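Subject: Structure handover

Hello,

Here is the structure I promised you. Please open it next to this email and follow along.

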There are 2 protein chains.
Amino acid sequence: MHQTALAAPSSRTRVNRYRWLAHYDKDTIYAILDAMPVANVGYVHEGQPIVTPTLQWREGDRIYWHGATHGRMMKATGEAEVCLTVSILDGLVLARAAYNFNINHRSVMVFGRPEAVVEPDEKVRLLKRFVDGYVPGQWDRLRPVTEQEVAATAILSLPLTEASAKLRVGPPEDNEEDYAFKVWAGVLPIGLTVGVPVPDPRNAEGVEPPASLASFRIG
Amino acid sequence: MHQTALAAPSSRTRVNRYRWLAHYDKDTIYAILDAMPVANVGYVHEGQPIVTPTLQWREGDRIYWHGATHGRMMKATGEAEVCLTVSILDGLVLARAAYNFNINHRSVMVFGRPEAVVEPDEKVRLLKRFVDGYVPGQWDRLRPVTEQEVAATAILSLPLTEASAKLRVGPPEDNEEDYAFKVWAGVLPIGLTVGVPVPDPRNAEGVEPPASLASFRIG
């Protein structure tokens with residue numbers, strides 16, 4: 001697959017500081033979004049910025065998130081500009097100077113005015129993708145969704161047209177004259193790990209975790 | 001230590017949805033902030049919400065974060081209301097119904113109008129706490145900070161007076177009639193792990209990682 005550039009970055013996605021960290025290509029942005037479902041959705045509610053953690057998922061060139069139809073976040077973000085940020089912490093970067101202390105990370109910032117998905121069948125189709133994105137095939141194993149549940153679930157989406165990524169990888173970057181300084185420098189890697197599934201004590205007899213659960217990865 | 005209530009939650013920190021998840025006690029809020037340095041700072045810049053990941057640290061009843069003195073985030077948040085959110089993902093909660101799919105998590109939301117720390121000695125004292133918070137004793141091992149570096153570093157702080165926490169722990173919560181449904185339900189634990197330190201290839205000869213690095217924990 002070749003890399004396809006997104007639309008030219010607007011002034012608000014253009015990364016002003018640390019320009020060398022900025023990446024705008026689709027593959028980079030999509031890989032970060034796909035690796036980390038937790039997003040922080042920022043919106044303005046009665047003049048006040050609010051940042052709400054939520055779960056995002058991607059289909060093609062759009063991201064989606066869902067919430068309670070009557071919740072503050074879904075009502076406020078359905079009408080106004082948002083900034084959705086995803087970030088993954090990859091390590092502590094211990095430099096020779098405190099000023100160069102850093103973290104290795106991958107982050108994406110998406111701007112736009114979300115659209116609500118209103119058609120019930122489309123909502124069901126998207127929720128299936130959301131659930132199956134964690135555990136392939138899970139949707140069809142679950143107690144079927146009800147009309148009331150679909151109605152109580154709001155889904156918002158944003159096109160990935162105004163998005164940027166920031167990455168930092170690799171060893172510390174110190175001032176040239178500091179490399180001789182006698183202190184250990186390096187990276188302490190940090191990553192998300194998945195543990196052993198913990199069955200619900202109220203599970204029906206004989207049920208087994210789906211085989212596809214074992215392949216779940218995050219980060 | 002007994003638990004001390006923060007000031008009564010204001011309408012914006014009062015958690016409207018999922019009220020049963022909301023905790024306002026200091027110990028809970030401080031433990032989450034101390035476990036996760038990555039914060040998402042939301043602010044309004046020319047009418048647009050922006051969410052910037054940054055590193056926060058706590059001293060007593062205040063949190064701090066730093067950035068480039070001339071950066072967009074530090075300039076914009078030094079003048080206006082922010083919402084700073086910290087969240088830790090603890091697991092996937094696989095229920096019997098898609099509607100009850102959830103995550104176990106710990107989150108904190110802090111509101112307020114940040115104050116800039118301007119006095120250079122106080123900035124140095126706070127930056128030492130920041131660095132030593134990751135690796136105790138590290139500040140004194142580093143190449144000493146310069147006046148220019150201190151001037152180029154802006155530090156903002158917020159009192160933890162308007163803060164709330166949300167937590168979800170434990171097994172799925174399904175509708176009573178769904179517990180007999182023949183599908184595996186349970187929790188897939190997720191956590192942050194720290195790897196083996198990777199030395200900078202340009203390290204001076206004979207330097208060793210500080211012993212306190214081994215005790216670093218996150219999440």
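In this predicted model, 77 residues of chain A are in contact with 77 residues of chain B. β10(A) gives the most, with nine residues. By class, this side of chain A has 51 nonpolar, 13 polar and 13 charged residues.

Two bridges join β10(A) to strand β11 (residues 198-199) of chain B, and the two strands run antiparallel. To find the spot, look for Gly186(A): its bridge partner in β11(B) is Pro199(B).

**Symmetry**

How can chain A be laid on chain B? A turn of 180° with a shift of 0.0 Å along the axis does it, with an RMSD of 0.0 Å. The two copies are therefore related as by a two-fold rotation axis. Leu192(A) has the C-alpha nearest the axis in chain A, 2.2 Å from it. Both copies use the same surface: 100% of the contact residues of chain A recur in chain B.

**Chain A as a whole**

Chain A has five helices and 11 strands. Of its 219 residues, 40% are buried. Take the contacts in chain A with a separation of 6 or more: residues 24 or more positions apart account for 72% of them.

Strand β8 (residues 153-159) of chain A is mostly covered, with six of its seven residues buried. β8(A) pairs with strand β4 (residues 62-68) of chain A in the antiparallel sense, over seven bridges. Arg62(A) has Pro159(A) as its bridge partner in β8(A).

Strand β7 (residues 115-117) of chain A also joins β8(A), through three bridges, and these two run antiparallel. Here the bridge partner of Ala116(A) in β8(A) is Leu156(A).

β6(A) is largely enclosed by the rest of the structure, because eight of its 11 residues are buried. β5(A) and β6(A) pair in the antiparallel sense over 11 bridges. Val82(A) stands opposite Gly112(A) in β6(A). Six bridges join β6(A) to β9(A), again antiparallel. For a landmark, Arg106(A) has Leu167(A) as its bridge partner in β9(A).

**Helix α1**

Which residues of helix α1 (residues 26-35) of chain A are buried? They are Ile29(A), Ile32(A) and Leu33(A). Seen down the axis of α1(A), the buried residues fall within an arc of 100°, so they line one face of the helix. An α-helix has 3.6 residues a turn, so residues three or four places apart point the same way. The buried residues of α1(A) pack against β3, β4, β5, β6 and β9 (163-168) of chain A.

**Two residues to look at**

Start with Leu92(A), in strand β5 of chain A. Why does Leu92(A) count as buried? Leu92(A) has 24 C-beta neighbours inside 10 Å, and the cut-off for buried is 20 or more. Leave aside its neighbours within four places in sequence. Leu92(A) is then in contact with Ile103(A), Val187(A), Leu188(A), Ile190(A) and, from chain B, Tyr134(B). Pro172(A) is 80 residues from Leu92(A) along the chain, and their C-alpha atoms are separated by 9.4 Å.

Then go to Val110(A). The largest nonpolar core has 110 residues. Val108(A), Val110(A), Val108(B) and Val110(B) touch the most other members of that core. Again leave aside neighbours within four places in sequence. Val110(A) is in contact with Ile63(A), Leu84(A), Leu158(A), Leu160(A), Glu162(A) and Ala163(A).

Best wishes

Definitions and conventions: Residues numbered from 1 in each chain as written. Chains lettered and ligands numbered in written order. Predicted model: local features only at pLDDT ≥ 70, side-chain atom pairs only at ≥ 80, totals over all residues. Contact = placed C-beta atoms within 7 Å. Helix = DSSP H or I, 4+ residues; strand = E, 2+ residues; numbered from the N terminus. Nonpolar A, V, L, I, M, F, W, Y, C, P; charged D, E, K, R; others polar. Pairing = 2+ DSSP bridges. Least-squares fit on C-alpha atoms with pLDDT ≥ 70 in both. Buried ≥ 20, exposed ≤ 12 C-beta atoms within 10 Å, placed from the backbone. Arc of directions from axis to C-beta. Core = buried A, V, L, I, M, F, W, Y, C linked by C-beta atoms within 7 Å.
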